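These notebook entries record what I looked up, one topic at a time. I begin with a term that the first entry requires.

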Amino acid sequence: MSLLTLEGVTASYGASQALFGMDLTLSEGEAVAMMGRNGMGKTTTVRAICRMLPAQGRLVFDGHDLTRLASHRAAQLGIGLVPEGRRCFRDLTVEENLVVAARRGHWDLSRVAGLFPRLAERRGQRASTLSGGEQQMLAIGRALMTNPRLLILDEATEGLAPLIRAEIWAAIARLKTETGLSLLVIDKSLKELKGVADRAVLVARGQVAWAGAMDALDAETSARHVGV
Ligand code: ATP
């Protein structure tokens, strides 16, 4: 059954339209990659799903019409977001950042520490003193602490050093294989996405340019629409 459905979704920033009929379906336990060049509407799609931006069209999560919900209700329904640019509470410690997000369920401090042992080592440290990669781990940990049914990762490895990137991709793969969490992963790295995603959606000018099984996405199609 489809957990998330978008059909013909449009959204604008003032007079400037960014989504021109976006379609997306994601089933329970599925991992979908969303790819595309800069400025094509990936983050805007995420904002529409998380109710951070008004949108028109059909947006349904777990049977609920998202267009009628406030953003905190979308989170309560089980949509967890790791936003572009991380956004942790800089003056709180690692542990405080995790605890303020906590909701009852599978994910707790010890399970997040198991996924990211570095966070356990730094649990008393302020978030502002963490490296970029550690802050990204904390952002993922925070989202997991809400015990989401769908985790959305927006450019989770952007700008990070290769070793840290590899650690984060390994964690995302574990989320998929060990917990069966539904994932929407926005990124440009075809190679890494092939390791975690079941399907891919390529976005251009605020709508879907290509959609299909991850295995069916070849380098040429990816290069045409993503450009990496
Ligand atoms: P990127 O990887 O660069 O974030 P993206 O595919 O996520 O790219 P969006 O951020 O969704 O793209 O941007 C889609 C369009 O909306 C672009 O034309 C962008 O300039 C515009 N846009 C995004 N955010 C805003 C904003 N806050 N105000 C006005 N226009 C915006």
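**Entry 1. Two helices side by side.** Angles under 35 degrees count as roughly parallel. I note at the outset that the model is predicted. I looked up how helix α3 (residues 94–101) lies against helix α6 (residues 132–145), and I found that their axes cross at roughly 30°. Helices α3 and α6 are therefore roughly parallel to each other. Their axes come within 7 Å, and the crossing is right-handed. I then listed who makes the contact. On the α3 side I recorded Val94, Asn97, Leu98, Val99, Val100 and Ala101; on the α6 side I recorded Leu138, Gly141, Arg142 and Met145. Sorted by class, this contact has seven nonpolar, two polar and one charged residues.

**Entry 2. The open sheet.** In what order do the strands of the open sheet lie? I read the order as β6-β7-β8-β3-β9-β10, six strands with mixed pairing. Strands β6 (79–82) and β10 (207–213) are the edges, since each of them pairs on one side only. From one strand to the next, the twist averages 15°.

Strand β6 and strand β7 (residues 150–154) run parallel and are joined by four bridges. Within this pair, isoleucine 79 has leucine 150 of β7 as its bridge partner. Two helices pack on the sheet. Helix α1 touches β3 (31–35), β6, β7, β8 (182–186) and β9 (199–204), and its direction makes about 150° with that of β7.

**Entry 3. The burial of α1.** Is helix α1 (residues 42–49) largely enclosed or open? I found that seven of its eight residues are buried, so the helix is largely enclosed by the rest of the structure. The buried residues are Lys42, Thr43, Thr44, Thr45, Val46, Ala48 and Ile49. I also looked just past the end of α1, where arginine 51 takes a positive phi of about 60°.

Entry 4. I first recalled a general point: strands of a sheet pair through backbone hydrogen bonds, either parallel or antiparallel. I then turned to strand β1 (residues 2–13), which runs antiparallel to strand β2 (residues 16–27), with nine bridges between them. Here serine 12 stands opposite glutamine 17 of β2. The two strands form a hairpin with two residues between them, and glycine 14 there has a positive phi near 60°.

Strand β1 is also joined to strand β4 (residues 56–61), by five bridges, and this pair too is antiparallel.

Strand β5 (residues 64–65) runs antiparallel to β4 and is held to it by two bridges. Valine 60 stands opposite aspartate 65 of β5.

How values were computed
Residues numbered from 1 in each chain as written. Predicted model: local features only at pLDDT ≥ 70, side-chain atom pairs only at ≥ 80, totals over all residues. Heavy atoms only, no water. Axes fitted to C-alpha atoms, helices over the stretch in contact; angles between N-to-C directions. Parallel < 35°, antiparallel > 145°, perpendicular 65-115°, else oblique. Left-handed = near helix turned anticlockwise from the far one by under 90°. Contact = heavy atoms within 4.5 Å. Nonpolar A, V, L, I, M, F, W, Y, C, P; charged D, E, K, R; others polar. Pairing = 2+ DSSP bridges. Buried < 20%, exposed > 50% of the residue type's maximum accessible area, 1.4 Å probe, protein only.
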